[in-house]
Amino acid sequence: MAKHRELGLTDHEFELIVEKLGREPNDVELAMFSLLWSEHCAYKHSRKLLRRLPTEGERVVMGPGENAGAVDVGNGHAVAFKVESHNHPSAVEPFQGAATGVGGILRDVFAIGARPIAILDSLRFGELDSVRSRHLLDGAVRGIGHYGNSIGVATVGGEIYFEEPYEHNCLVNAMCLGLAKTEDMVRAAAAGVGNAVVLMGASTGRDGIGGASVLASAELGDGDDAKRPTVQIGDPFEESKVLECCLELLEKGLLVSLQDLGAAGLTSSAGEMASAGGVGIDLDVAKVPLREADMEPFEIMVSESQERMLAVVEPARVDEVRAICEKWQTGSAQIGVVTDSGAIRILRDGDVVGEMPVEALVDGCPLYDLEPAEPEGWIYGNRATLAPGGTAAEELLALLAAPSIASKRWAFEQYDSVVGSRTARRPEAAEAAVLALPEAGNAIAVSIDGNGRRVACDPYAGTVEAVLECAQNLACVGAEPLGLTNCLNFGNPEKPATAWQLDRSVTGLADACTALGVPVVGGNVSLYNEGPDGPIYPTPVVGMVGELPDPAQVAGNAFAKAGDAIALLGPFAPTMAGSQLVKQRGELDAGLPQPDVEAVAAACATVRDAVRAGKLASARDVSDGGLACALAESSIGAGHGCRADLQPLRERGCTPEEALFGEGSGGFLLSGDRAALESLGAIVIGEVGGDAIEIAAGDRSLTVPLSEAERAWRSLTF
Amino acid sequence: MIWGVLQFPGSCDERDALHACEAASGEARLIWHESRDLDRVDAVVVPGGFSYGDYLRAGAIARFSPAMEAVAEFAAAGGPVLGICNGFQVLCEAGLLPGALLRNEDLRFVCRQADLLDERSGERLSIPLKHGEGRYYAPEGVLDELEARGQVAYRYAPGQNPNGSVRDIAGVRNEAGNVVGLMPHPEHAVDPLTGSTDGLRVFEALAAAGARG
């Protein structure tokens with residue numbers, strides 16, 4: 001097989017490279033092109049679609065194209081954030097895959113000069129009755145904890161779903177938020193001909209070679225053990241030192257620009273810095289500190305060894321920079337220089353071993369149009385796990401015990417959620433994580449959501465719902481959205497059905513963000529998530545960051561006290577389509593109702609204002625498992641039962657079953673003073689109290705003792 | 001009162017400890033691990049984290065740092081020293097406190113709010129804990145001596161032992177009473193917004209021990 005094909009390039013792409021160089025590339029150049037022209041680096045099947053997303057807003061400080069996006073939070077401070085996938089490495093080796101996923105997203109955030117303050121994770125695995133899924137879940141959770149706990153950044157939230165299509169292709173998406181003084185922030189563009197290029201942090205080894213092209217841009221199949229060496233190994237201690245070192249360097253104004261080394265290592269970081277700055281860079285691989293002395297130039301250029309950063313430094317300040325690196329006991333070496341050649345030149349001891357125009361290398365990859373075709377009906381399997389004919393009480397218990405709905409305490413107790421002393425609401429205590437920002441005199445809230453099953457039912461509506469769920473979660477803690485990041489996890493975009501999912505999903509994301517006025521400030525695309533049994537559910541993961549004036553006013557999501565009224569607010573008209581119950585019955589089918597974005601946005605504003613005014617004792621958005629599960633979870637958290645009558649939903653045309661277990665956007669479950677709730681236009685449906693969950697819903701009415709509900713909901717453990 | 005908070009490469013909670021010391025009483029400053037000079041502080045906190053990465057054994061390398069040599073002299077002279085989590089592990093490794101901290105019984109990191117009993121005052125304190133190597137251990141004979149001399153400083157409330165520590169021990173003090181170590185994190189319990197202010201009592205108790213010394 002021709003070498004370029006082994007490296008993932010098509011014949012057409014290879015011909016294009018020959019044309020741009022005016023000759024055949026040598027091995028070093030071919031390796032570098034194959035990485036920067038991979039799907040992972042070049043976004044060649046998604047870039048055209050992403051142009052649909054709204055990226056501008058009054059509060060945007062940095063938008064897409066930088067290492068992370070950032071929004072203004074007042075008082076001269078900005079919050080930087082980004083979500084990124086590490087799916088393929090985690091499917092091969094979950095502990096290191098997830099750990100280095102966290103490490104990579106942390107570097108993206110401190111690369112722009114922000115101190116990381118919080119991590120969230122969005123994870124997807126096959127059903128938990130599979131040994132493989134349990135292994136992947138356990139490894140990924142340990143890996144996230146290992147990295148985040150060791151480096152001292154709080155893991156404050158996340159979500160985990162278990163669905164069969166993720167059996168061979170788990171998803172590990174990690175999101176990081178950082179806080180910066182706006183004046184200390186730095187961009188990635190190289191500048192200043194003659195300036196030094198300094199590599200900082202860990203030494204360079206053979207780990208992770210070809211990760212971006214081999215792992216992240218192709219389907220996994222049999223015999224993937226041979227790809228194990230392409231998984232990177234993380235060292236959070238090294239990263240901790242590099243983090244502190246970089247923040248000190250930036251605070252002292254010693255760096256012209258800074259970039260992390262992620263996928264495609266030195267190749268992409270040097271290439272992107274040169275491209276953004278419109279300059280050239282000469283790099284001498286002989287000056288790169290190595291773990292193994294006999295590494296070839298191409299290996300040095302494509303290594304994905306972790307915990308490395310690349311900086312541009314004025315020549316007069318190189319000594320000062322290196323002294324601070326020494327103080328933090330981390331490596332530094334001047335490996336190159338900024339030039340006006342417009343080319344990336346790779347040297348070894350002064351001999352040129354590769355030379356490519358930056359424009360061709362970084363921006364020359366052809367962008368492809370998708371060839372979408374809507375598949376007919378439901379294209380995934382769906383195994384029934386719930387016998388038909390059960391009572392509503394039995395169904396509620398089965399839903400509460402479903403791993404996707406059950407409490408994730410087993411996972412989040414393995415994460416340090418308190419370091420940094422900002423965490424005003426810990427996992428599962430409120431609908432969104434809340435972080436105090438004494439520096440800016442306010443707080444931020446953050447939520448990460450994306451229900452792949454519903455997106456599979458209708459990629460457009462399902463993606464709109466993911467954005468709305470984030471917005472509803474933020475409203476429940478009184479926060480107003482400032483910006484959004486996303487990770488688009490899909491199958492092979494060269495297949496028409498996946499192309500259609502991707503196209504519809506991005507349109508849904510764009511429409512929802514535009515309607516809500518929330519700019520997309522960054523994101524990541526992970527394609528080719530396919531195993532032998534087909535593609536994953538289309539899974540756009542949305543991370544939304546909002547601002548609130550006073551974290552002390554935040555409502556929890558559990559009922560507060562017996563006697564409080566329970567009310568429903570919002571344009572909630574649930575149906576069984578795509579619901580957890582229908583999944584458990586094995587009856588999933590294509591199609592979802594279209595959410596009314598304007599009406600949901602209005603309900604969000606009402607809830608947000610009510611929380612800020614201290615009018616609510618609790619607030620929860622109605623999501624997986626419908627209103628019955630929402631009532632049960634609010635009761636379990638409170639240690640009080642509840643009595644509710646769902647007649648108001650019946651009057652909206654819902655069947656008893658839809659009222660109990662139907663899903664859809666726009667529902668808020670609130671509690672508090674009856675008159676206060678009614679003044680918001682909420683419909684009172686019941687009262688907190690007793691030691692059972694009693695729900696009247698026509699011929700599907702149910703009563704479940706609180707202790708039984710709690711046992712079911714807390715059943716997720718190892 | 002001036003508090004000094006040690007800072008190692010790999011420390012995680014040093015800035016939070018600094019803030020907590022200020023909230024408890026007076027001034028606080030960071031002390032770099034390579035410094036033998038404690039800068040005339042009145043009390044020292046050895047904070048949580050993963051000093052030098054803790055890849056060998058928690059606290060095993062930090063005990064040899066120049067700053068810890070100074071802390072040993074400071075403690076010998078009766079200066080108050082508080083070790084939190086990794087700091088507790090470092091103080092045990094340095095021989096300034098009895099016993100050792102082993103991997104949690106279930107071999108998993110754990111982070112949760114827990115109730116502690118202050119063995120001297122009888123107070124019940126709500127303080128978060130977060131660690132993977134927090135299982136306190138000492139031989140039975142040593143434990144009996146510690147109990148007899150009142151060296152058990154904090155215990156997990158009944159039923160809340162998160163890691164399999166012997167006799168529910170969450171923290172101990174040295175014989176003189178001026179060196180205290182505990183696994184839970186009082187520095188993360190100094191503000192009602194983040195869950196509790198009970199952690200202040202731990203700092204205040206140590207300051208009082210220093211004043212008595």
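In which sense does α18(A) pass α19(A), left-handed or right-handed? The crossing of α18(A) over α19(A) is right-handed, meaning that the near helix is turned clockwise from the far one by less than a right angle. This is a predicted model: local features need pLDDT of at least 70, side-chain atom pairs count only at pLDDT 80 or more, and totals for chains, interfaces and linings use all residues. Residues are numbered from 1 along each chain as its sequence is written, and chains are lettered from A, with ligands numbered from 1, in the order in which they are written.

The axes of these two helices come within 7 Å and cross at roughly 35 degrees. Axes are lines fitted to C-alpha atoms, for helices over the stretch in contact, with angles from 0 to 180 degrees between N-to-C directions. Among the contacting residues are A:V464 and A:L468 of α18(A) and A:L509 and A:C513 of α19(A); contact puts C-beta atoms, placed from the backbone, within 7 Å.

Now to the sheet. Six strands of chain A form an open sheet with mixed pairing, in the order β1-β2-β3-β6-β4-β5. Two strands pair if DSSP finds at least two bridges between them. Helices (H or I, at least four residues) and strands (E, at least two) are DSSP runs, numbered from the N terminus. Here are the edge strands, each pairing on one side only:

| Edge strand | Residues |
|---|---|
| β1 (chain A) | 60–62 |
| β5 (chain A) | 154–162 |

Strands β4 and β6 of chain A pair in the antiparallel sense over nine bridges, and A:R115 has A:L179 as its bridge partner in β6(A). Helix α7 (residues 94–110) of chain A packs on the sheet, touching β3, β4 and β6.

Notes: Two residues are in contact if their C-beta atoms, placed from the backbone, lie within 7 Å.
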